[in-house]
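Me: I have a structure to go through with you. Let us take it in short questions and answers.

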Amino acid sequence: MLYRPVGLGLGMLSGAIATTAFKQAWKFVSDEDDAPDPGDEDRKLSEILLAAAIQGVIFSVVRAAVDRGGAVVVRRMTGSWPG
């Protein structure tokens, strides 16, 4: 119960980190600043799907890393694993 506010904060942090990481990854992959939007008719479907796949992987990995790190910190501080 006490971990819930910490988890919410970590979720916000991981979202911010993942957004920044995705923007940088997309610049590297495509040499463009903005990733394609699914509703953008000027972009190819393959480009939209590639962007979605990269974004999904980055968000999942960052969230898992931040959540795991938060749980480890809570265990060190309290002696018990959250959840």
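Me: What covers the buried residues of H2?
Reply: This is a predicted model. The buried residues of H2 include Ile54, Ile58, Val62 and Val66. An α-helix has 3.6 residues a turn, so residues three or four places apart point the same way. The cover over the buried residues of H2 includes H1.

Me: How far does helix H2 reach from its first C-alpha to its last?
Reply: Helix H2 runs over residues 45–78, which makes 34 residues. At 1.5 Å a residue, 50 Å is expected. The model comes close to that, with 49 Å.

Me: Which residue just after H2 takes a positive phi?
Reply: H2 ends at residue 78. Just after it, phi is about 90 degrees. The residue is Gly79.

Me: Is Arg4 buried or exposed?
Reply: Arg4 sits in helix H1, residues 3–30. Its relative accessible area is 59%. The cut-off for exposed is over 50%, so Arg4 is exposed.

Me: How many Å apart in space are Arg4 and Gly83, C-alpha to C-alpha?
Reply: In sequence, 79 residues separate Arg4 and Gly83. Arg4 belongs to H1. In space, the C-alpha to C-alpha distance is 8.9 Å.

Me: Which residues make the nonpolar surface patch?
Reply: The patch covers about 330 Å². Val29, one of its members, is in helix H1. The patch is made by Phe28, Val29 and Leu50.

Definitions and conventions. Residues numbered from 1 in each chain as written. Predicted model: local features only at pLDDT ≥ 70, side-chain atom pairs only at ≥ 80, totals over all residues. Heavy atoms only, no water. Helix = DSSP H or I, 4+ residues; strand = E, 2+ residues; numbered from the N terminus. Buried < 20%, exposed > 50% of the residue type's maximum accessible area, 1.4 Å probe, protein only. Expected span 1.5 Å × (residues − 1). Contact = heavy atoms within 4.5 Å. Patch = residues over 30% accessible without salt bridge, like charges linked within 9 Å, V, L, I, M, F, W, Y side chains within 5 Å. Areas by Shrake-Rupley, 256 points an atom, 1.4 Å probe, with all protein chains shown as cover. Salt bridge = Lys/Arg side-chain N within 4 Å of Asp/Glu carboxyl O.
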